[in-house]
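Hi everyone, thanks for making time this morning. Let me show you a structure that may be new to you, and then we can walk through it together.

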Amino acid sequence: MATKNVKLSSLEKTRKRRVRTVATVFLLPTFLLIAVYYIYPVIDTFIISAYKWNGISSDRTFIGLQNWNTLVHDKNFWSAFGRNVIIMVFSILLQIPIGLFLASFLEAGGKRYGFFKVIWFLPYLMSSVAIAFLFTYALATNGGIFSSLASLLSGKRVTVDLLGRSPHALFTVIGVMAWQFTPFYMVYFIAGYSNIDSTIYEAAIIDGATRWQYTKYIALPLLGPILKTACTMSLIGSLKYFDLIWNMTQGGPVNSTELMATYMYKLSFQQFNMGYGSCVAAGMFILITVIAILFQKIFKVKEDY
């Protein structure tokens with residue numbers, strides 16, 4: 001009996017060793033890619049932030065924490081961070097509730113509303129650059145949608161400048177971002193609804209609950225972890241947003257839409273101040289990480305029901 005137990009233990013150890021070997025072989029390429037394209041650039045960014053460098057020449061001057069001291073007192077950076085926070089708040093307040101409403105509407109309609117699912121998801125399939133150019137022309141003061149509509153209603157020529165004035169430009173861009181990314185959260189919440197056992201809904205209906213009561217008191221609590229993840233993704237995306245704003249306003253007018261990412265880009269690739277630009281990028285990394293961790297700690301949801 002003892003010999004049999006020893007053999008079983010030996011076989012179990014061999015099996016576990018083989019599983020670990022196979023897992024290592026398959027995961028090693030992924031770990032290498034993560035190290036090369038994620039970990040190394042972050043580490044190198046922090047290293048470059050300690051230098052004065054134009055990003056082109058081979059000569060770099062080590063200046064220690066001088067860039068970081070400048071960053072702490074840089075009003076332009078903190079103003080850009082403040083605008084990132086505004087975008088973060090409005091993104092969560094707009095994209096998440098609207099996406100949840102659309103998902104609830106489609107989930108209630110079932111296959112009958114499949115057409116709406118396809119149509120509403122189309123904005124997310126477009127590239128941010130294409131959307132930026134589309135809305136730049138659509139919101140133009142001459143011939144734009146709002147200017148043409150205002151002229152039609154007033155009976156005289158009216159120009160509506162949404163991208164050329166502050167603070168209109170920032171909130172206009174926030175609206176365009178919501179138009180683009182709300183469909184992503186819609187599909188994300190639809191996937192969350194599909195994980196809820198259909199028998200729960202059937203039991204609620206048998207007990208006399210309406211569709212609204214089921215959604216409010218049963219479905220939404222069960223979607224708590226999904227909501228938390230969606231808010232975290234929206235938060236992180238808003239704090240590092242770049243392409244749409246750069247192609248629509250390039251941080252203007254008068255820096256009213258300047259974000260941390262656009263500020264970093266101008267420093268690094270227009271002013272060729274790669275050392276300080278890397279410092280700004282590293283500062284972004286720290287701020288985004290801290291805010292994401294704090295959000296995870298503060299936003300607590302019940303995981304099991």
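Let's start at E107, which is partly exposed because its relative accessibility is 28%; on this scale buried means under 20% relative accessible area, exposed means over 50%, and partly exposed lies in between, with a 1.4 Å probe and protein chains only. Before going on, please note that this is a predicted model, where local features need pLDDT of at least 70, side-chain atom pairs count only at pLDDT 80 or more, and totals for chains, interfaces and linings use all residues. Residues are numbered from 1 along each chain as its sequence is written, and side-chain values use heavy atoms, with hydrogens and water left out.

So what does E107 pair with? E107 makes a salt bridge with R211, and their closest N and O atoms are 1.9 Å apart. A salt bridge here is a side-chain nitrogen of Lys or Arg within 4 Å of a carboxyl oxygen of Asp or Glu. This pair links distant parts of the chain, since E107 sits in helix α3 (residues 75-109) and R211 in helix α9, 104 residues apart. Helices are DSSP runs of H or I with at least four residues, numbered from the N terminus. R211 is partly exposed as well, at 25% relative accessible area.

How many salt bridges are there in the whole structure? The search finds 2. E258 forms one with K266, with the closest N and O atoms 3.0 Å apart. E258 is buried, at 5% relative accessible area, and K266 counts as buried at 16%.

Now for the rings. The whole structure has 26 aromatic pairs; rings of Phe, Tyr and Trp (its six-membered ring) pair if their centres lie within 6.5 Å, and planes under 30 degrees apart count as stacked, over 60 as edge-to-face and the rest as tilted. Take Y201 and Y214: their ring centres are 4.8 Å apart and their planes are at 70°, so this pair is edge-to-face. Y201 belongs to helix α8 (residues 198-206) and Y214 to helix α9 (residues 211-222), 13 residues apart. Y201 is partly exposed at 28%, whereas Y214 is buried at 3%.

Another pair is F242 with Y265, tilted because the planes are at 45°, with ring centres 5.3 Å apart. F242 lies in the loop between α10 (224-239) and α11 (243-248), while Y265 is in helix α12 (residues 260-270).

Finally, have a look at one aromatic cluster, whose members include F121, Y124, F181 and Y241.

Technical notes: Helix = DSSP H or I, 4+ residues; strand = E, 2+ residues; numbered from the N terminus.
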